[in-house]
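This report goes through a single protein chain and its ligand, with the sequence and coordinates alongside.

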Amino acid sequence: MKLQNQIAIITGASSGIGKAVAKSLALEGAKVIINYPFEKTKADAQAVLDDIKQAGGDGIIFQADVSKETDVQNMFAATIQQFGTVDILVNNAGIQSDAPFEEMTLDKWNAVIGVNLTGQFLCAREAIKEFLRRGIDETKSVAAGKIICMSSVHQIIPWAGHANYAASKGGINMLMQTLAQEFAPKKIRINSICPGAIQTPINHNAWATPEALNSLLTLIPYKRIGQPEDIGKAAVWLASDESDYVCGTSIYVDGGMTLFPGFTTNG
Ligand code: NAD
């Protein structure tokens, strides 16, 4: 078990990638805090926890909107009260709210930046406070704490019609690198995972019909859509001491989507 007794908060863990990450970390011995944002997603969060417990894992569910400072502070306080500390944060919660740029309302802009970028700031700040307070616990890890930021290939691939989303992911990249630089001397490791197209509710329209899926596959040299478990495996590695010398890096788990597939046949 690579994460025995470590306490991991995974935001937005009632579905998709967050759910797979929570299950993967729990299978490696982490106690997981399965965060969900709203009452209507509580049953899904509970189902994730039930599956984890059935597989021999442990954890709790916790409702918090990551874009709200007091919700995030309450989540960390409750986690520390129940489990004593936090060892791993997976900043996964994210939304899309698309529009042609000239029609994008300030509400749409603020909603996406609020969850995707401000949410990562708020959670990272609370995690780092706790990592600094506790320091290294060598019975669990040689690092004082680990943060995994769920970014996207769209931290480097521009995305017309999704300016708010692409801007949030570009922002995550610089937030991640800056925090990694600031806290590496304290033995806190901060890295990003950049998924390509992963089959989850967020991009349902991109794979729901054979036509949509075929069109999507033209963007993926490896010729399959990604599964949430592909990201779960990368998250386990980044959270574990096996990646101890990995600091401030983005790992692209994308079937080659960032390889400019349009140039495969000579451009
Ligand atoms: P998803 O819609 O299944 O997951 C997003 C999760 O975030 C949901 O569980 C949702 O309840 C939660 N959430 C939304 N608002 C929240 C809030 N205010 N507070 C807390 N949680 C909130 O989609 P997903 O694909 O699993 O997305 C997870 C992350 O992966 C996102 O950051 C997304 O941008 C990123 N990502 C996904 C893909 C993909 O192809 N699926 C690609 C690149 C990046």
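Which polar backbone atom lies 3.4 Å from an oxygen atom of the ligand? That atom belongs to Gly12. The model is a predicted one, in which local features need pLDDT of at least 70 and side-chain atom pairs count only at pLDDT 80 or more, whereas totals for chains, interfaces and linings use all residues. Residues are numbered from 1 along each chain as its sequence is written, and side-chain values use heavy atoms, with hydrogens and water left out.

**Ligand site**

The ligand is surrounded by 28 residues, where a residue is near if one of its heavy atoms lies within 4 Å. The closest are Ser15, Ile17, Asp65, Tyr165 and Thr200.

| Residue | Protein atom | Ligand atom | Distance |
|---|---|---|---|
| Gly12 | polar backbone atom | oxygen | 3.4 Å |
| Asp65 | polar side-chain atom | nitrogen | 2.8 Å |
| Asn92 | backbone N or O atom | oxygen | 2.8 Å |

**Nonpolar cores**

A nonpolar core is a set of buried Ala, Val, Leu, Ile, Met, Phe, Trp, Tyr and Cys residues joined through side-chain atoms within 4.5 Å. Buried means under 20% relative accessible area, exposed means over 50%, and partly exposed is in between (1.4 Å probe, protein chains only). The largest core has 32 residues, of which Ile10, Val21, Leu25, Val32, Ile34 and Ile193 touch the most other members. At least two residues of this core come from each of β1, α1 (16–27), β2, α2 (42–54), β4, β5 (145–150) and α8 (228–239). Helix α8 gives the largest share, 6 residues. The helices (H or I, at least four residues) and strands (E, at least two) are DSSP runs, numbered from the N terminus.

Residues up to four places away in sequence aside, Ile193 touches Ile148, Cys149, Met150, Ser151, Ser152, Ile231, Ala234, Ala235, Leu238, Ile251 and Val253; contact means heavy atoms within 4.5 Å. A second, separate core holds 30 residues, including Ile33, Val86, Ala93 and Ala144.

**Helix α3**

The expected span is 1.5 Å times one less than the number of residues. Val72, Met75, Phe76, Thr79 and Phe83 are the buried residues of α3. They lie on the same side of α3 because they cover an arc of only 90° around the axis, the arc being that of the directions from the helix axis to the C-beta atoms. An α-helix has 3.6 residues a turn, so residues three or four places apart point the same way.

What do the buried residues of α3 pack against? Their partners are β1 (7–10), β2 (31–36), β3 (58–63), β4 (88–91) and α4 (106–134). Thr70 and Gln81, on the other side of α3, are exposed.

The 21 residues of α5 should span 30 Å, and its end C-alpha atoms are 30 Å apart, in agreement. Its buried residues include Asn164, Tyr165, Ser168, Lys169 and Phe183. Among the elements that cover the buried residues of α5 are α4, β5, β6 (188–195) and β7 (250–253).

Asn173 is in helix α5 (residues 163–183). Is Asn173 buried or exposed? It counts as buried, at 17% relative accessibility. Beyond residues up to four places away in sequence, Asn173 touches Gln155 and Ser250.

Ser152 sits in the loop between β5 and α5 and is buried at 5% relative accessibility. A polar atom of the Ser152 side chain lies 2.9 Å from the backbone nitrogen of His154. Neighbours within four places in sequence aside, Ser152 is in contact with Tyr165, Lys169, Ile193, Cys194 and Pro195.

**Other residues**

Ala111, in helix α4, is partly exposed, with a relative accessible area of 33%. Lys223 is in the loop between α7 (210–217) and α8, and its phi is near 60°, a positive value in a residue other than glycine. Phe260, in the segment after β7, has a positive phi near 50° and counts as exposed at 63% relative accessibility.

Conventions. Polar contact = N/O pair within 3.5 Å; in protein donor to acceptor, adjacent residues only side chain to side chain.
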